[in-house]
Amino acid sequence: MSELVLFSNSMSRGNTVDLLLKILDVPYKRIELGYGADMHTAEYLAINPMAKVPALVDGDVIVTETAAICAYLADKFIEKGLAPALNDPKRADYYRWFFFTAGPIESAFTINNLGVQLNEEQQKSSGFGSFERVIACLDVGLNNAKPFICGEQFTAVDVYVGAFVMFLIRYNIMEATPIMQKYLNSLASIPEIAELLVK
């Protein structure tokens, strides 16, 4: 088996991939890249032309984008039980919340943090609509978690969504809603996540 190599930065979304790899309990090599010159070398640009981290190298395979890396790893190590089976109907929610978090949620929080307010016409053409709509939808999704997004099965999408919610709360980007707190309480049953929640 080829060695997994994770290019990351300790202040990046790569922490989510680190967390998943620890939960999967698989060996990997982590290479810390500084922001700036380290991410713009010819060698690294050949791995990720966006000059961003994280990036995962698995032999001849390169995967970028945090959600894609998490989904890839969960499928690569499917025997670890962190992804629903390919023919399992729970794959619908699994995919939905990976993509909803990577797309509308990420976009909404970026725009909000920049202090940009979309008017009603702009919201119609925006993939996320409005910040308020995204938060309401996230609350609906987490309220439907029983106790996890795919029901009783804890999966990689819980790592991804959970890490995003923890980040928002830890850095005071938003206050946890009661529904978010209930979901995080469920995630506390995972030792690697519980350790982060008490920090």
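## Val5 and its strand partners

Val5 sits opposite Lys29 of strand 2, and over in strand 3 its bridge partner is Val57. This is a predicted model, where local features need pLDDT of at least 70, side-chain atom pairs count only at pLDDT 80 or more, and totals for chains, interfaces and linings use all residues. Residues are numbered from 1 along each chain as its sequence is written, and side-chain values use heavy atoms, with hydrogens and water left out.

Strand 1 (residues 4-8) and strand 2 (residues 29-32) run parallel, joined by 4 bridges. From strand 1 the chain passes through helix 1 (residues 14-24) to reach strand 2, a right-handed β-α-β crossover (right-handed: with the strands pointing away from the viewer, the path from the first strand over the helix to the second runs clockwise). Strand 1 also has 4 bridges to strand 3 (residues 55-58), this time antiparallel. Helices (H or I, at least four residues) and strands (E, at least two) are DSSP runs numbered from the N terminus, and two strands pair if DSSP finds at least two bridges between them.

## The sheet and its helices

Put together, the 4 strands make an open sheet in the order 2-1-3-4, with mixed pairing. Strand 2 and strand 4 (61-64) are at the edges with a single partner strand each, so one side of each has no neighbour in the sheet. On average, neighbouring strands are turned by 20° against each other, direction ignored.

Helix 1 lies across strand 1 and strand 2, at about 150° to strand 1. Helix 3 (66-76) lies across strand 1, strand 3 and strand 4, at about 130° to strand 4. Axes here are lines fitted to C-alpha atoms, for helices over the stretch in contact, with angles from 0 to 180 degrees between N-to-C directions; contact means heavy atoms within 4.5 Å.

Most residues other than glycine have a negative phi, and most peptide bonds are trans. Two bonds here are cis: Val53 to Pro54, with omega near 5°, and Lys146 to Pro147, with omega near -10°. Pro54 is in the loop between helix 2 (42-47) and strand 3, while Pro147 is in the loop between helix 6 (131-143) and helix 7.

Ala51 isn't a glycine, yet has a positive phi of about 60°. Ala51 is also in the loop between helix 2 and strand 3.
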